[in-house]
Amino acid sequence: MTDAFAIASPLLRLLDAETAHHATIAALKLLPYRAPPANDPRLAVHAFGLDFPNPIGLAAGFDKNAEVADAMLGLGFGFVEVGTLTPRAQPGNPRPRAFRLIEDRAVINRYGFNNDGHAPALARLSKRARRGIVGVNIGANKDAADRMADYVAGVHAFADVASYFTINVSSPNTPGLRDLQEPEALSELLARVIEARDAAPVRRPLLLKIAPDLTLAQLDAIVRVARDRRIDGMIVSNTTISRPLTLRSHFAKESGGLSGAPLFDLSTRMLAQTFLRVEGQFPLIGVGGVDGAEAALAKLEAGATLVQLYSALIYKGPGLVKRIKNGILERLRESGVSLSTLSGRSAQNVSSK
């Protein structure tokens, strides 16, 4: 599988970003099932009540419609997050809406939760043999009369097939969605989805994904609500609406969420600040700019228990997953420490940068 992608990548880059993505998904769907490779036991992580074979996950946004979760697990990811999924299918924002910032190793997207809705994704996930950890990232339809009800519907729909749920209130591409990060709204939303989750036959971990563009006062309020509602974890962070002055690509002024290498510093600082505020009540997943073992290790040391990536696959290919795992193992051998001892040990320094 990796060899096939190594050959295809130069050809895919001749296509616009969204067309190339669709081609990649189509190719993955044609490949025969491949069992996940064995992982060194030193990479195993227990978090949210789940046993992860390694800490490297695929972030939401790649497999929007839950079409290739098993194929991505076969590439060596320790877990895969599908979505964002909304109750009803929606087309998202007009094209073009995805842009490669090649000089910056970054991507800007303004997709707007384009997806086929709950029913097709549920059918696909129900057919899986349920090997491996697959989380479901849920959101609300743009025109929903009650957006909170859409999140509740997501929990009800996928309760039997999701390894965990991610509540996505931090995408910048659905107008007004980030308002659900405000304390009163967030508290009500979490109360409603937790009630739905707890009514299901099997209790699934519930994670909250936040934006990297929060003020510290906003972060204080979000963490306070998350702790009061006793969620299982947080994902830090989604894409950013900010634009670092270092960006060189002519696409830098496109609207939407920026991901990739330029997001690393901002998201890692937000991760460390979140870690210090959570005070060990629940684990964190670090996302944003992970493009190698050093970046993954930096996320762990800033406070993550697990990490996710997506944009770096565009520039470095699927072999990146194996390289990151090997790099982490090398650090563990050199330092003589375990993976769990890395989490948060540089959070204080990183948070103040």
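Visitor: Which residue is the bridge partner of Val107 in strand 11?
Guide: Ser259 is the partner of Val107 there. This is a predicted model, where local features need pLDDT of at least 70 and side-chain atom pairs count only at pLDDT 80 or more, while totals for chains, interfaces and linings use all residues. Residues are numbered from 1 along each chain as its sequence is written, and side-chain values use heavy atoms, with hydrogens and water left out.

Visitor: How many bridges join strand 6 to strand 11?
Guide: Four, and strand 6 and strand 11 (residues 257–260) run antiparallel. Two strands count as paired if DSSP finds at least two bridges between them. Strands (E, at least two residues) and helices (H or I, at least four) are DSSP runs, numbered from the N terminus.

Visitor: Switching to salt bridges. How many does the structure hold?
Guide: It holds 21, each a side-chain nitrogen of Lys or Arg within 4 Å of a carboxyl oxygen of Asp or Glu.

Visitor: Which residues are linked in a network?
Guide: Asp16, Glu18, Arg95 and Arg97 are linked by salt bridges. Glu18 and Arg97 form one, with their closest N and O atoms 2.8 Å apart. Glu18 lies in helix 2 and Arg97 in the loop between strand 4 and strand 5, so this pair ties together parts 79 residues apart in sequence.

Visitor: Are Glu18 and Arg97 buried or exposed?
Guide: Both are buried.

Visitor: What about Asp16 and Arg95?
Guide: Their side chains meet in a salt bridge at 3.3 Å, N to O. Asp16 is partly exposed at 42% relative accessible area, and Arg95 is partly exposed at 47%.

Visitor: How far apart in helix 6 are Arg192 and Glu188?
Guide: Four residues, so about one helical turn separates Arg192 and Glu188 in helix 6 (residues 183–199). Their side chains form a salt bridge at 3.8 Å, N to O.

Technical notes
Buried means under 20% relative accessible area, exposed over 50%, partly exposed in between (1.4 Å probe, protein chains only).
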